[in-house]
Amino acid sequence: MKRRKKLVRGIAMTAAVALAVGSMSIYKGELAKASNQEEATEENSQNSGDTAMGRYLEEDIQIPEGFNAIESMTVLEDGRLRICGYNGDNEMVYADSLDGGETWGEETSLYQLFGLDSSKYSLSFPKLAKDGGVFAVASDLTASEDDMLESSKYFYANPSGETKELDLADNLGNGFGFSSAFTDRGTLLLAVLADGVIEVDLSDGSVLGEYEKGVMLSYFFAVGNHLITVSADGIHYYDLESGQPMDDQQALTDQISSNSSNLELSGVGQYPVVAVAGDEEDSMFFADSQGMYRYVFGGSVTEQIINGSLNSLSSPDLSLVELAMDGEGRFYLAVRDYGQGTASPARLLRYEYSKDTPSVPDTELTIYSLTDNSLLRQAAGAFQKENPDIYLNLQTGMTGEDAVTASDAIKALNTEIMAGKGPDILILDGIPEDTYIENGMLEDISGILENTEGGILENIKNAYTQEDGAIYCMPLRFGIPMIQGKTEDVNAVTDLTTLADMLESHQAEYGATKMPISLIVSPKLLLQSLADTSSPAWVNEDGTLNETEISEYLKQANRIYQTYAEIMKESLSEDELSYLSESEYDRFSYGVSTGSLNLLGGTFVASLGGLYSADQLSFVYSAEQKDNSLTSALWNGQAENVFIPCSVIGISAKAQEKDAAQRFVEYLFSQSSQEMSGSTGFPVNQAAYEGETYWDLGGKDGVVSVMGSSNTETGETIEMDILQPSDEAISRIQELGKTLTVPSRTNQIILNAVSEAGARYLNGEIGLEEAARAAIQEVNLYLSE
């Protein structure tokens with residue numbers, strides 16, 4: 001129980017901060033080749049036709065058994081690789097490897113190193129120095145939550161193992177030190193919550209300098225004699241010797257700023273960009289989701305040495321922790337890979353230069369999706385590690401950075417396909433798949449699916465099988481529409497009409513702190529969220545829209561919206577209402593599990609939406625374990641037994657690289673690929689769906705994590721253990737998923753037409769009949785073009 005308390009308080013402390021806030025020849029020879037792959041490839045293709053060779057290959061390193069999180073990593077001066085983090089007992093330890101991660105020595109407890117009682121203190125934010133020094137922050141478990149941050153202690157152990165507490169209280173004011181970095185000067189840089197960075201003399205704890213005073217930093221890093229800070233105010237550079245600002249390093253600033261997410265705080269202990277001092281004076285290497293780069297201070301260019309699209313760096317589930325480099329020119333990258341679960345996301349990657357590997361893969365496979373597809377990006381990195389001869393070129397029709405609509409993007413795609421310049425593989429979410437099938441634009445993939453090891457769930461496969469047995473597309477994952485709430489409320493809902501009845505029955509309870517459901521705040525969001533279980537009823541057998549069904553849909557959606565419309569208008573400003581009306585619907589972000597914690601706090605009467613993963617099931621299950629008056633069930637709308645297809649994939653009949661396309665599709669449906677975690681849908685591979693691996697979230701004593709909320713009526717804090725779902729709960733969902741036979745319609749043209757015309761009706765701008773006809777006319781106009 002003492003360890004349990006320590007874990008909870010450690011998480012609470014982290015949450016508080018988050019809420020507030022080779023040889024030299026390899027470097028100079030092979031590294032130079034890697035930095036100029038594009039030029040080399042172009043020159044070779046023009047002059048001799050030879051393939052340019054040489055690139056960095058990624059390899060996973062086995063971390064010590066039980067390590068569930070890496071918080072810091074470095075290569076020591078004597079060549080040892082050292083990692084620090086939480087082991088299987090949730091104790092902060094470090095471990096060394098003498099052979100680059102092949103084997104690991106015994107773990108050293110930071111509690112023993114600093115002489116701390118683990119029942120009284122929780123350690124966090126460790127940092128490892130190249131000379132063997134160790135820094136960490138200790139929070140007092142006996143302190144009140146209000147005093148938790150201010151009562152923290154700061155400990156340092158020098159290379160000889162001698163420890164001391166650094167007296168920093170007077171220098172932190174009301175702030176709190178968390179993220180840190182050791183400098184080549186033997187000092188420590190410490191980020192202070194909302195107050196920049198201080199440089200600390202480790203001999204006596206005195207402050208040698210202050211940078212970005214009064215600024216809440218997103219993150220910072222120190223390389224050589226340079227400090228680089230990133231915040232909402234921009235990217236700034238400082239000389240640590242003089243303590244003075246440096247001139248802007250324009251090339252470096254431009255590269256980091258090229259991805260807007262690189263400027264944001266992505267989470268405590270994880271960063272969008274990590275860096276390490278380089279092979280020469282004033283040089284550095286840094287990594288982000290686009291790859292790894294080399295930069296020399298004062299230079300005019302950044303050189304890409306690793307293309308992130310050829311490995312795991314581009315995975316949306318990856319968050320970076322720390323970057324290091326050994327004396328042989330190999331890079332080590334500690335990351336949190338949430339694609340393998342939230343309980344044990346620790347992963348350690350090594351990048352080593354291979355002179356015998358083509359700089360650019362021989363085959364380029366083009367994959368198109370209407371919007372960014374995180375499942376595809378996750379799988380792409382894993383596939384390319386196993387298939388270095390294939391480069392996956394992921395194309396997106398709507399980036400969100402321009403005014404391109406779904407209709408515009410689909411028309412452009414059709415033009416490219418008809419001209420023989422289209423993609424090899426299509427992700428058909430939002431795209432009118434029926435039209436593509438009718439026009440012979442997709443390959444039959446039934447042979448691939450028939451030979452898939454582990455098989456495909458029969459109910460999902462049958463829904464996409466034509467009368468002649470052909471299968472032209474198939475979802476990679478699927479969601480289960482669910483409703484959660486009080487048992488009597490859930491039992492009362494059998495379709496869209498009874499959902500409206502039930503929410504109207506609570507009308508007297510609604511106010512500023514209690515709502516019917518979450519997405520009622522916007523007509524457009526509400527209409528899009530309700531569509532998953534109703535859209536199959538809108539389309540006639542000939543592909544035309546059913547005006548009667550659409551009218552009924554809008555009528556019932558309006559009943560639901562009006563239960564809260566007046567309250568919302570009184571509670572929110574015009575700017576807030578405008579912002580909500582322009583927000584885009586993301587079904588994975590607004591699933592049933594997002595409201596589970598709010599049900600405990602009394603914020604919602606019900607939560608409804610898709611259930612897409614074992615992680616999300618853990619939230620639904622945990623809420624019901626916390627409050628036995630809650631229950632969940634299949635949510636039917638205008639249609640029954642609906643499943644939500646996710647990442648529907650097909651191979652273009654005009655694909656230029658059909659062999660490579662088949663290899664990638666085979667991989668995507670394989671058991672190993674389908675067992676990857678994530679919140680993008682349940683596996684359709686039967687062995688993965690029925691097996692234990694996918695559903696095991698890890699955690700200690702059945703507790704995966706801890707979440708908190710507050711009761712909207714009493715203000716009382718509600719803490720909820722996120723639990724590993726029981727075998728019974730998992731089996732219930734598995735069996736439920738097998739009963740679903742009707743795929744939800746994902747045609748974005750239809751969904752947009754109904755939601756846009758419907759929003760005008762819900763806002764009182766037009767009548768019901770006019771709204772239904774407007775939606776149908778919009779779809780017919782698209783079809784006629």
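## Leucine 428

A residue is called buried when its relative accessible area is under 20%, exposed when that area is over 50%, and partly exposed in between, using a 1.4 Å probe and protein chains only. Leucine 428 has a relative accessible area of 0% and is therefore buried. The model is predicted: local features need pLDDT of at least 70, side-chain atom pairs count only at pLDDT 80 or more, and totals for chains, interfaces and linings use all residues. Residues are numbered from 1 along each chain as its sequence is written, and side-chain values use heavy atoms, without hydrogens and water.

Leucine 428 sits in the loop that runs between strand E27 (425–427) and helix H9 (433–438); helices (H or I, at least four residues) and strands (E, at least two) are DSSP runs numbered from the N terminus. Beyond its neighbours within four places in sequence, leucine 428 is in contact with Glu433, Tyr436, Leu442, Cys473, Val648, Ile649, Gly650 and Thr746, where contact means heavy atoms within 4.5 Å. Threonine 746 lies 318 residues from leucine 428 in sequence, with 8.4 Å between their C-alpha atoms.

## Nonpolar cores

A nonpolar core is a set of buried Ala, Val, Leu, Ile, Met, Phe, Trp, Tyr and Cys residues joined through side-chain atoms within 4.5 Å. The largest has 132 residues, and Tyr436 and Phe664 are among those with the most contacts inside it. Helix H24 (residues 748–762) gives the most to this core, with nine residues. A second, separate core has 37 residues, including Tyr56 and Tyr353.

Apart from neighbours within four places in sequence, phenylalanine 664 is in contact with Leu365, Ile367, Leu376, Phe383, Leu392 and Ile425.
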